[in-house]
Amino acid sequence: MSLDFARRGVSTSLDTNGLWAVLAGVPDPEIPVLSVVDLGIVCSVEPGRVVITPTYTGCPATQVIERDIRAALDAAGFAAVAVETTLSPPWTTEWISEAGKQKLRAYGIAPPNPPGVRRVACPQCGSADTEEISRFGSTPCKALWRCRSCAEPFDLFKCH
Ligand SMILES: [Zn+2]
């Protein structure tokens with residue numbers, strides 16, 4: 001859908017709306033319900049230039065994301081648009097958009113806590129009566145938690 005939009009529109013490097021539309025269609029490789037825009041890793045979109053910041057320092061997903069964005073831009077006719085990576089300011093989980101946090105919960109993953117907040121709410125039932133089972137869940141960026149209220153295990157997104 002977003003790629004169609006970009007193709008129908010004038011696919012020039014001056015078309016930043018088209019660029020945003022393409023980026024909104026690029027999923028996070030680890031959590032496909034989130035786009036790279038939901039994740040907040042797109043720092044700026046300018047005519048001819050997209051600047052992203054790596055999410056998971058040391059995670060292989062970062063290179064995958066950059067490659068996926070490049071491929072999506074090329075496919076939408078934005079081959080001339082440069083993809084640049086910046087390390088400053090560093091990405092934190094606070095950059096995940098509200099829409100992104102909703103999608104995480106719907107996917108069964110607890111969104112990251114604001115700094116200093118240690119309570120983790122169960123994404124299934126909302127109970128705060130939860131406990132950590134393992135520091136590492138299905139990927140290094142997630143911890144495995146369990147809800148004592150509904151007995152469901154869930155992932156906590158913990159990268160920051
Ligand atoms: Zn629960």
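Here is a chat about reading the sheet and the zinc site in this predicted model.

Me: Where do I start? Which helices and strands does the protein have, and in what order do they run?
Reply: Start with the count: the secondary structure comes to five helices and seven strands. From the N terminus on, the elements go α-α-α-β-β-α-β-α-β-β-β-β.

Me: Okay, sheets next. What holds the strands of a sheet together?
Reply: Strands of a sheet pair through backbone hydrogen bonds, and they do so either parallel or antiparallel. In this model, three strands make an open sheet in the order E1-E2-E3, and the pairing is mixed.

Me: Which strands stand at the edges of that sheet?
Reply: Those are E1 (42-46) and E3 (82-85). Each has a single partner strand, so one side of each is left without a neighbour in the sheet. On average, neighbouring strands here are turned by 15° against each other, direction ignored.

Me: How many bridges join E2 to E3, and do they run parallel or antiparallel?
Reply: Four bridges link E2 (residues 49-52) to E3, and the two strands run parallel. If you want a spot to look at, find Val51, which stands opposite Glu84 in E3.

Me: Which helices lie across these strands?
Reply: Look for two of them. Helix H2 (residues 16-24) lies across E1 and E2, at about 145° to E1. Helix H4 (residues 61-75) lies across E2 and E3, and runs at about 165° to E3.

Me: Now the metal. Which residues coordinate the zinc ion?
Reply: To read a metal site, list the donor atoms, then check the angles. The donors here are the SG atoms of Cys122, Cys125, Cys147 and Cys150, at 2.3 Å. Along the chain they follow the spacing C-x2-C-x21-C-x2-C.

Me: Why is the arrangement around the zinc ion called tetrahedral?
Reply: Four donors count as tetrahedral if all angles lie between 85 and 135 degrees. The four around this zinc ion subtend angles of 104 to 119°, so the arrangement is tetrahedral.

Me: Where do Cys125 and Cys150 lie along the chain?
Reply: Cys125 is in the loop between strand E4 (109-110) and strand E5 (130-134), while Cys150 is in the loop between strand E6 (142-147) and strand E7 (153-157). The pair therefore ties together parts that are 25 residues apart in sequence.

Me: And how accessible are Cys125 and Cys150?
Reply: Cys125 is partly exposed, with a relative accessible area of 43%. Cys150 also counts as partly exposed, at 27%.

Conventions: Residues numbered from 1 in each chain as written. Predicted model: local features only at pLDDT ≥ 70, side-chain atom pairs only at ≥ 80, totals over all residues. Heavy atoms only, no water. Pairing = 2+ DSSP bridges. Axes fitted to C-alpha atoms, helices over the stretch in contact; angles between N-to-C directions. Contact = heavy atoms within 4.5 Å. Donors = N, O, S within 2.8 Å, 3.2 Å for Na, K, Ca; no water. Tetrahedral: all angles 85-135°; square planar, octahedral: opposite > 155°, others 65-115°. Buried < 20%, exposed > 50% of the residue type's maximum accessible area, 1.4 Å probe, protein only.
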